[in-house]
Amino acid sequence: MKDIIAFILLSVYTTAEFMAYMPQIIQLLRTKSADDISLSSWIIWIISYVCYLIYVLIESPDLGVIFIISLGLFFCIIVTILTAYYKRRKKHEHKHK
């Protein structure tokens, strides 16, 4: 029973985490703007995920947990790349006006 509850909780967490990143990614792609997004916050999230992933790999290399951390890291990297791209693009456009 404990394993079933743990699996359900992990599934809900994974789904919620995936869904939490999607609005930000969609907003960036739709507006092509990152004006209100802090790039430094997303870089800190990436560092956090990398540290957590290394910790899990050292302490208890559970494939399910590694997958979930990697998924979060992947989405953080996507948001960070999009944010940096749109901030740089806007800066470049202002130089040429």
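**Cysteines, then rings**

Modeller: There are zero disulfides here, a disulfide being a pair of cysteine sulfur atoms within 2.5 Å. Before going on, a word on the source: this is a predicted model, where local features need pLDDT of at least 70 and side-chain atom pairs count only at pLDDT 80 or more, while totals for chains, interfaces and linings use all residues. Residues are numbered from 1 along each chain as its sequence is written, and side-chain values use heavy atoms, with hydrogens and water left out.

Back to the cysteines: the sulfur of cysteine 51 has its closest cysteine sulfur in cysteine 76, and at 13 Å that is too far for a bond. Cysteine 76 is also buried, with a relative accessible area of 0%. Buried means under 20% relative accessible area, exposed means over 50%, and partly exposed is in between, using a 1.4 Å probe and protein chains only.

Now the rings. The structure holds six aromatic pairs. Rings of Phe, Tyr and Trp (its six-membered ring) pair if their centres lie within 6.5 Å; planes under 30 degrees apart are stacked, over 60 edge-to-face, and the rest tilted. One of the pairs is tyrosine 21 with phenylalanine 75, which is stacked, at 5.7 Å centre to centre and 15 degrees between the planes. That pair links distant parts of the chain, 54 residues apart: tyrosine 21 sits in helix H1 (residues 2-31) and phenylalanine 75 in helix H3 (residues 63-95). Helices (H or I, at least four residues) are DSSP runs, numbered from the N terminus. Both partners are tucked away: tyrosine 21 is buried at 8% relative accessible area, and phenylalanine 75 is buried at 6%.

Compare that with tyrosine 85 and tyrosine 86, whose ring centres are 5.0 Å apart with planes at 70 degrees, so this pair is edge-to-face. Here tyrosine 85 is partly exposed, with a relative accessible area of 46%, whereas tyrosine 86 is buried at 7%.

Tyr21 and Phe75 turn up again in one aromatic cluster, along with Phe18, Trp42 and Phe74.

Helix H1 also holds isoleucine 8, which is partly exposed at 46% relative accessible area. Ile8 belongs to a nonpolar surface patch with Met1, Ile4, Ile5, Phe7, Leu9 and Val12, and together they have about 790 Å² of accessible area. Such a patch takes residues with over 30% relative accessible area and no salt bridge, joining nonpolar side chains (Val, Leu, Ile, Met, Phe, Trp, Tyr) within 5 Å and like charges within 9 Å. A salt bridge is a side-chain nitrogen of Lys or Arg within 4 Å of a carboxyl oxygen of Asp or Glu.

Methods: Helices (H or I, at least four residues) and strands (E, at least two) are DSSP runs, numbered from the N terminus. Accessible areas come from the Shrake-Rupley method with a 1.4 Å probe; for residues, only the protein chains shown count as cover.
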